[in-house]
Amino acid sequence: MKRILVTGGAGFIGSNFLHLLLQGEGDFQVFNLDRLTYAGNLLNLCSVEDDPRYRFIEGDICDQKLVTEIFQSQEIDTVVHFAAESHVDRSIMGPGEFIQTNVVGTFTLLEAARQMWPEGKGRFIHISTDEVYGSLGEIGLFSEATAYDPRSPYSASKASSDHLASAYFHTYGLQVIITNCSNNYGPYQFPEKLIPLIIQNALSGKALPVYGDGMNIRDWLYVEDHAKALLRVLEAGEFGETYNIGGNNERTNLDVVHTICDLLDEMTEPLEAGGNRRDLIQFVKDRPGHDRRYAIDATKIKNELGWDPSVDFAQGIRNTIQWYLDQDEWTKAVLDGSYRDYYSKMYEGR
Ligand code: NAD
Ligand code: TYD
């Protein structure tokens, strides 16, 4: 029976992964170690908290004593490591937490695994981002062979953690697999990232902030498809390998915002003030060091592990909007927390 330590399972992608994992019949125990930062929300896990295979542990991945104690007492043989500070704009406002959690926290987990697992035992799936590769021009795709060129404190901290994970494979033979995924969207995403932020603002008739000219491109992937890819990696990924995961779905930010506006006009009551949602768009000062384009070549995971995204953007964005419309309570609970302070700090005077 596998004994899995998931870190950051109360966040956006981690909670979607836990839902998928626990939907399966598998014989395993899963422990979710999460510090419950502003981005960690136990409401995301209501539907799995009574599963006897699941247990939540509140704590910090940087806490070496706690991490070692969990490895020992729970006989952990698998790590799926999501925990991170994940928002680029926050990393620009204050990089310290990103270095601490993303670099020191990853190091702490790797070190515990190295000390606890005999050679040839254990598996450590390190979840990372395509942002480590930097910014693309108008053509080309990120492959697993693309050189790292991180440009924000967030991506630099993730790149550092990837290098540490890779070094533990080469130096100590730790059975590590790294995944680098493109931008995710879907249920349970904290409304600081583009898609849920635009949905919330457009619903309440607030301005829709688009950075710069709105022509930056991201490769959007529905979060359940990312979770499915990670399950395949867990089942069949090869140690020491990296897998790029992407949606083959490049869109400019402006196109994404337009799509959300038009769907909300169609799916909900008109705005009280009249007009349509596109009228709420405001171009604001660009993000410093704003990467222009990300796009993933996911051929390797497709050919080697048989994974392909199954939800196209038209369906995924509709599902996502419907989810936020249905989850009024979730949204209220999120919005009356620390989000408000952050929101005014970020957008005042912009
Ligand atoms: P998130 O910000 O929604 O969640 C992060 C989770 O980590 C939260 O539950 C938080 O409480 C927890 N956490 C933070 N610091 C911690 C600490 N020190 N100890 C324990 N728990 C801590 O992030 P997400 O969007 O779900 O991203 C998850 C992972 O996937 C991250 O590693 C991120 O870099 C990576 N990733 C994200 C995307 C994306 O589009 N969101 C794309 C590719 C890769
Ligand atoms: P984000 O969701 O922060 O993800 P990332 O920076 O990790 O790609 O941003 C996605 C894109 O949307 C990015 O190009 C920045 C842009 N953006 C806006 O134009 N307005 C916003 O309010 C936010 C949060 C992002």
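In this predicted model, helix α4 (residues 96–116) and helix α5 (residues 153–172) have axes that come within 8 Å and cross at roughly 15°. Because angles under 35 degrees count as roughly parallel, α4 and α5 are roughly parallel to each other.

**Helices α4 and α5**

- The crossing in which α4 passes α5 is right-handed.
- On the α4 side, the residues in contact are Phe-98, Ile-99, Asn-102, Val-103, Thr-106, Phe-107, Leu-110, Glu-111 and Arg-114.
- On the α5 side, they meet Tyr-154, Ser-157, Lys-158, Ser-160, Ser-161, Leu-164, Ala-165, Tyr-168 and Tyr-172.
- Sorted by class, the contact of α4 with α5 has 10 nonpolar, 5 polar and 3 charged residues.

**The sheet and the helices packed on it**

- An open sheet is formed by 7 strands in the order β3-β2-β1-β4-β5-β6-β11, and the pairing is parallel.
- At the edges stand β3 (54–58) and β11 (242–245), each of which pairs on one side only.
- On average, neighbouring strands of this sheet are turned by 20° against each other, with direction ignored.
- Strand β1 (residues 2–7) and strand β2 (residues 28–34) run parallel and are joined by 6 bridges.
- Within this pairing, Lys-2 stands opposite Phe-28 in β2.
- Helix α2 (residues 64–74) packs on the sheet and touches β1, β2, β3 and β4 (78–81). The direction of α2 makes about 170° with that of β2.
- Helix α5 also packs on the sheet, where it touches β5 (123–129) and β6 (176–181). The direction of α5 makes about 155° with that of β5.

**Aromatic pairs**

- The structure holds 16 aromatic pairs.
- In one of them, the ring centres of Phe-17 and Phe-82 are 5.4 Å apart and the ring planes lie at 50°, so the pair is tilted.
- This pair links distant parts of the chain, since its members are 65 residues apart. Phe-17 belongs to helix α1 (residues 12–23), whereas Phe-82 lies in the loop between β4 and α3 (88–93).

**Helices α6 and α10**

- Helix α6 (residues 194–203) and helix α10 (residues 313–326) pack at an angle of about 55°, and their axes are 11 Å apart.
- The two helices α6 and α10 are therefore oblique to each other.
- The crossing of α6 and α10 is right-handed.
- From α6, the contact draws on Ile-195, Pro-196, Ile-199, Gln-200 and Leu-203. From α10, it draws on Phe-313, Ile-317, Thr-320, Ile-321, Tyr-324 and Leu-325.
- By class, the contact of α6 with α10 has 9 nonpolar, 2 polar and no charged residues.

**Helices α8 and α10**

- The axes of helix α8 (residues 253–267) and α10 come within 11 Å and cross at roughly 55°.
- This angle makes α8 oblique to α10.
- Here, too, the crossing is right-handed.
- The residues contributed by α8 are Val-256, Thr-259, Ile-260, Leu-263, Leu-264, Glu-266 and Met-267. Those contributed by α10 are Phe-313, Ile-317, Arg-318, Ile-321, Gln-322 and Leu-325.
- By class, the contact of α8 with α10 has 9 nonpolar, 2 polar and 2 charged residues.
- Phe-313 of α10 is one of the residues that take part in the contact with α6, and Phe-313 also takes part in the contact with α8.

Definitions and conventions. Residues are numbered from 1 along each chain as its sequence is written. Chains are lettered from A and ligands numbered from 1 in the order in which they are written. This is a predicted model: local features need pLDDT of at least 70, side-chain atom pairs count only at pLDDT 80 or more; totals for chains, interfaces and linings use all residues. Side-chain values use heavy atoms; hydrogens and water are left out. Axes are lines fitted to C-alpha atoms, for helices over the stretch in contact, and angles run from 0 to 180 degrees between N-to-C directions. Helices (H or I, at least four residues) and strands (E, at least two) are DSSP runs, numbered from the N terminus. Angles under 35 degrees count as roughly parallel, over 145 as roughly antiparallel, 65 to 115 as roughly perpendicular and the rest as oblique. A crossing is left-handed if the near helix is turned anticlockwise from the far one by less than a right angle, and right-handed if clockwise. Contact means heavy atoms within 4.5 Å. Ala, Val, Leu, Ile, Met, Phe, Trp, Tyr, Cys and Pro count as nonpolar, Asp, Glu, Lys and Arg as charged, and the others, Gly among them, as polar. Two strands pair if DSSP finds at least two bridges between them. Rings of Phe, Tyr and Trp (its six-membered ring) pair if their centres lie within 6.5 Å; planes under 30 degrees apart count as stacked, over 60 as edge-to-face and the rest as tilted.
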